[in-house]
Amino acid sequence: MSKVIFHADSRYAAIAAAPSAAPGAGAALLDARRRPLRDLRISVTDRCNFRCTYCMPREVFNAHHEFMPHGALLSFEEITRVARVAAQLGVQKIRLTGGEPLLRKSLEALVEMLARLSTPQGRPLEVTLTTNGTLLAKKAQALKDAGLSRVTVSLDALDDHMFERMSDSQVSVKRVLEGIDVAARVGLPVKVNMVVRKGLNDGQILPMARHFRHSGHILRFIEFMDVGSTNGWNLREVLTGAEILQRIAAEFPLEPVQAGYRGEVANRWRYADDGGEIGLITSMSQPFCGDCTRARLSPEGKLFLCLFASQGHDLRALLRGGAGDGEIAARLAGIWSARDDRYSELRGRATQAEEKIEMSYIGG
Ligand code: SAM
Ligand code: SF4
Ligand code: SF4
């Protein structure tokens, strides 16, 4: 007998269920640290047209690297099925990521399938996307029409030379900015993510802040994280959220903004002169595992419970082996209820010797 805990609205109820029992619709599932399952991040490909040094260094992701064959990837129908079951267990938000998700052919068809799903309370799922922006100008209208709620675009510098160094690509900053403009024009709210590597692109913090003030787009600064095993991560290259904030506040006075919901990853601040909002994602200096409500589905259908996990739980075998939705729900519930992950809080302790998964495989 495994113990599976659910809560409905604010009333908490613990029930004991056999691993094969499907949970009741409408009740949200809790993990071993009483964190509900709210967000599902779905990586739709492990391929990318960039080689960001902190994510897919070219020395490793070169001609000899074997990417997944197409047949190994979950189909759109399989992804939608997992998402539909996950929505019954509490998932409210889906984020499509990668690799570069817009490299997956006809991604808008998947968005459309996911946007039709709803929670047991009848609320449509929020479907969002994280992209490097290179194909966004071309795709934004179709994505919006398909039901995408909003988009996050990664951009680590405004200076072309620095952008080339960060992304290890020949793509111009202009092309990404165009993607952002078109997305906004078709009605997609846009957030911009900037990974900061101290001593490399930290000189771009202020130009980025100046550029996106009064733009209507929220700029979020991400501390360089020790994800994966290939990016040569080094603590000396981490500029903390507090240091980033200090630099911006020295030029533009800032005021804190209350978190919008449990599990929000960014510390939010607004410019005192109504210039808009910024966010700080401080996984290194201020871990937020206590409120982490995210599960991650890899391109070939493994469910990971933490960005820093070394092992996933295979769902593809179930999906392709004729399992019914009830069986898949019970498996998901069993996996989530046993979840105890809190890597960022434990970081540095001698317990994490295992190889970690790569960011380009599981998404941010
Ligand atoms: N290719 C898309 C993109 O770049 O937006 C989606 C996938 S990418 C893995 C998702 C996010 O992870 C990006 O915003 C990226 O900057 C961030 N990221 C990747 N490696 C990181 C690292 N080592 N530390 C912090 N953020 C990282
Ligand atoms: Fe590609 Fe995104 Fe990783 Fe950069 S961060 S290499 S764009 S997956
Ligand atoms: Fe969530 Fe793992 Fe990140 Fe902690 S380290 S916030 S548990 S993904």
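Before anything else, a note on names: helices (H or I, at least four residues) and strands (E, at least two) are DSSP runs, and I count them from the N terminus. I also remind myself that this is a predicted model.

**Entry 1: F50**

I started with F50 and found it in the loop between β4 and α1. Is F50 buried or exposed? My cut-off for buried is under 20% relative accessible area. F50 has a relative accessible area of 3%, so I write it down as buried.

Next I checked what F50 touches, leaving aside neighbours within four places in sequence. The contacts are M56, N132, T134, F163, S167, S169 and V171.

**Entry 2: ligand 2**

F50 turned up again when I looked around ligand 2. The residues surrounding this ligand are C48, F50, C52, C55, M56, G99 and N132. By class I get five nonpolar, two polar and no charged residues in that shell.

**Entry 3: a binding site from the record**

I then opened UniProt. The entry is unreviewed, and it places a "binding site" feature at Y54, G99, S154 and M225. G99 is also among the residues around ligand 2.

Y54 sits in the loop between β4 (39-43) and α1 (76-88). Its relative accessible area is 13%, so Y54 is buried. Setting aside neighbours within four places in sequence, I find Y54 in contact with D156, M166, V195, R197, F224 and N231.

S154 belongs to strand β7, which covers residues 150-154. With 24% relative accessibility, S154 goes down as partly exposed. Again leaving out neighbours within four places, S154 has contacts with T130, T131, N132, V176 and N193. N132 is in the shell of ligand 2 as well.

Ligand 3 has 13 residues around it, and C289, C292, C306, L307 and S344 come nearest. The elements giving two or more residues to this shell are β13 and α10 (343-346). I note seven nonpolar, one polar and five charged residues there.

C292 is in the loop between β12 (277-281) and β13 (294-297), and at 11% relative accessibility it counts as buried. Outside the four places on either side in sequence, C292 is in contact with R35, W336 and R339.

C306 is in the loop between β14 (302-304) and β15 (313-314). C306 is buried too, with a relative accessible area of 11%. Beyond its neighbours within four places in sequence, C306 has contacts with R296, D341, Y343 and I357.

**Entry 4: the sheet**

In what order do the strands of the open sheet run? I read off 12 strands with mixed pairing: β10-β11-β12-β9-β8-β7-β6-β5-β4-β13-β14-β15. β10 and β15 are at the edges with a single partner strand each, so each has one side without a neighbour in the sheet.

β5 (residues 93-97) and β6 run parallel and are joined by four bridges, and R95 stands opposite T128 in β6. Five of the six residues of β6 (residues 126-131) are buried, so this strand is largely enclosed by the rest of the structure. β9 and β12 are also parallel, joined by four bridges, and F221 has L280 in β12 as its bridge partner.

**Entry 5: helix α7**

Last stop, α7 (residues 241-251). Its buried residues are G241, I244, L245 and I248. Down the axis of α7 they fall within an arc of 95°, so they line one face of the helix. A242, Q246 and A250 are exposed on the other side. The cover over the buried residues of α7 includes β8 (190-196), α6 (205-212), β9 (218-223), β10 (254-257), β11 (267-271) and β12.

Definitions and conventions: Residues numbered from 1 in each chain as written. Chains lettered and ligands numbered in written order. Predicted model: local features only at pLDDT ≥ 70, side-chain atom pairs only at ≥ 80, totals over all residues. Heavy atoms only, no water. Near = heavy atom within 4 Å. Nonpolar A, V, L, I, M, F, W, Y, C, P; charged D, E, K, R; others polar. UniProt positions renumbered as here; feature names shortened; annotations may be inferred. Buried < 20%, exposed > 50% of the residue type's maximum accessible area, 1.4 Å probe, protein only. Contact = heavy atoms within 4.5 Å. Arc of directions from axis to C-beta. Pairing = 2+ DSSP bridges.
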